[in-house]
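Please find below some comments on the model, as numbered points.

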Amino acid sequence: MTSIPDIRLNNGQAIPQFGFGVFQIEPKDTAAAVSTALEAGYRHIDTAEMYGNEAEVGEAIARSGLDRGEVFVTSKLSNDAHEPDDARQAFEGTLKALGTEYLDLFLIHWPLPTRYGGDYVQTWRTLEEFYREGRARSIGVSNFQPHHLRRLHGETEIIPAVNQIEMHPYLTQDEVRAFCGEHQIAVEGWSPLGKGGVLADPTIQSIATRAGKTPAQVVLRWHIQRGNIVFPKSVTPDRIRENIDIFDFELPATDVEDITLLNKNERTGPDPDKFAGQ
Ligand code: NAD
């Protein structure tokens with residue numbers, strides 16, 4: 001297997017461009033899934049307080065025998081903990097659950113413009129504390145629209161290292177990607193397979209047949225060639241191994257373009273401008 005490329009974040013830190021997501025993996029199944037992923041070569045795990053499985057992610061990393069520095073770990077602030085004191089407590093809880101002294105990346109999970117008086121700026125300032133203390137090596141946001149990012153830009157000191165947004169062939173997010181590109185914010189794509197919903201698409205199926213790869217591999221490769229950071233989720237060992245096996249081929253530019261043209265601006269998840277976090 002060819003090695004996974006790193007992306008250089010705006011603070012100089014390296015993040016593996018490809019990783020493993022654990023949303024909706026039951027706590028009882030999480031350690032086994034993460035162990036399978038680490039054995040298959042994944043070195044980047046994406047979890048969140050709200051997934052309820054941080055402790056099991058930490059357990060699998062501890063059991064793997066890998067040094068802490070070899071695995072890039074991301075977690076996210078609970079939607080119920082945006083007030084500064086709550087955020088400090090939640091961050092402590094995340095470190096404790098994961099059994100680590102620092103996170104590689106900590107994100108505001110959702111902007112929640114209709115809660116907390118719409119003040120995600122004070123929440124961001126609290127994340128800036130974690131960064132300055134070195135307990136979060138990088139900090140970023142998730143589900144932020146360009147107008148949310150513009151406000152952070154105007155009112156705070158540290159530019160988010162990443163913005164993690166829903167992104168797949170039916171939601172290519174060209175506007176958010178362009179804004180982030182101009183401001184040195186790396187873009188992570190959640191639900192990179194559209195939760196599996198894009199895999200039956202005839203264009204993707206025909207490219208997969210031609211490439212001798214599976215539809216999931218073609219979609220993940222499309223993300224990699226577009227420069228997105230992705231971490232597909234699966235609990236099935238064969239799929240966990242299949243999804244990382246995308247570094248020995250390249251899609252022609254025309255295929256990348258044809259997949260990009262499938263965009264329908266179709267979300268599987270909530271609208272960040274409306275979502276209140278429950
Ligand atoms: P995904 O696009 O990774 O899809 C996962 C689903 O696709 C699986 O449940 C399975 O049904 C299917 N699948 C996976 N591999 C396959 C394969 N090889 N062949 C066929 N089907 C396959 O969706 P996701 O889990 O929602 O997103 C990935 C990660 O993104 C999450 O685990 C989480 O870490 C992150 N995420 C973040 C947010 C956020 O708000 N920040 C929201 C959702 C997800």
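**Notes on the predicted model**

1. Leaving aside residues up to four places away in sequence, Asn163 touches Val141, Ser142, Asn143, Phe144, Leu149, Val176, Cys180, Ile185, Ala186, Val187 and Glu188; contact here means heavy atoms within 4.5 Å. Asn163 sits in strand β8 (residues 162-166). Helices (H or I, at least four residues) and strands (E, at least two) are DSSP runs, numbered from the N terminus. A polar side-chain atom of Asn163 is 2.9 Å from the backbone oxygen of Phe144. Asn163 counts as buried because its relative accessibility is 0%; buried means under 20% relative accessible area, exposed over 50%, partly exposed in between (1.4 Å probe, protein chains only).

2. On provenance: this is a predicted model in which local features need pLDDT of at least 70 and side-chain atom pairs count only at pLDDT 80 or more, while totals for chains, interfaces and linings use all residues. Residues are numbered from 1 along each chain as its sequence is written, and side-chain values use heavy atoms, with hydrogens and water left out.

3. The ligand has 26 residues around it, of which Asp46, Ser142, Ser191, Leu193 and Asn243 come nearest; a residue is near a molecule if one of its heavy atoms lies within 4 Å of it. An N or O atom in the side chain of Ser191 is 2.7 Å from an oxygen atom of the ligand. A polar side-chain atom of Asn143 lies 3.0 Å from a ligand oxygen atom, and a polar backbone atom of Phe23 is 2.9 Å from an oxygen atom of the ligand.

4. Thr47 belongs to the loop between β4 (44-46) and α2 (54-64). Is Thr47 buried or exposed? Thr47 is buried, with a relative accessible area of 0%. Residues that Thr47 touches include Val22, Glu54, Val57 and Leu98.

5. In α2, the buried residues are Glu54, Glu56, Val57, Gly58, Ala60 and Ile61. Their cover includes α1 (27-40), β4, β5 (72-77) and α3 (84-98). Gly65 follows α2 and has a positive phi, near 85°.

6. The axes of α8 (residues 215-225) and α10 (residues 253-260) come within 10 Å and cross at roughly 105°. That makes α8 roughly perpendicular to α10, a class that covers angles of 65 to 115 degrees. Axes are lines fitted to C-alpha atoms over the stretch in contact, with angles from 0 to 180 degrees between N-to-C directions. Val218, Trp222 and Gln225 in α8 meet Val256, Ile259 and Thr260 in α10.

Notes:
Angles under 35 degrees count as roughly parallel, over 145 as roughly antiparallel, 65 to 115 as roughly perpendicular and the rest as oblique. A polar contact is a pair of N or O atoms within 3.5 Å; within protein, one must be able to donate a hydrogen and the other to accept it, and residues adjacent in sequence count only if both atoms are side-chain atoms.
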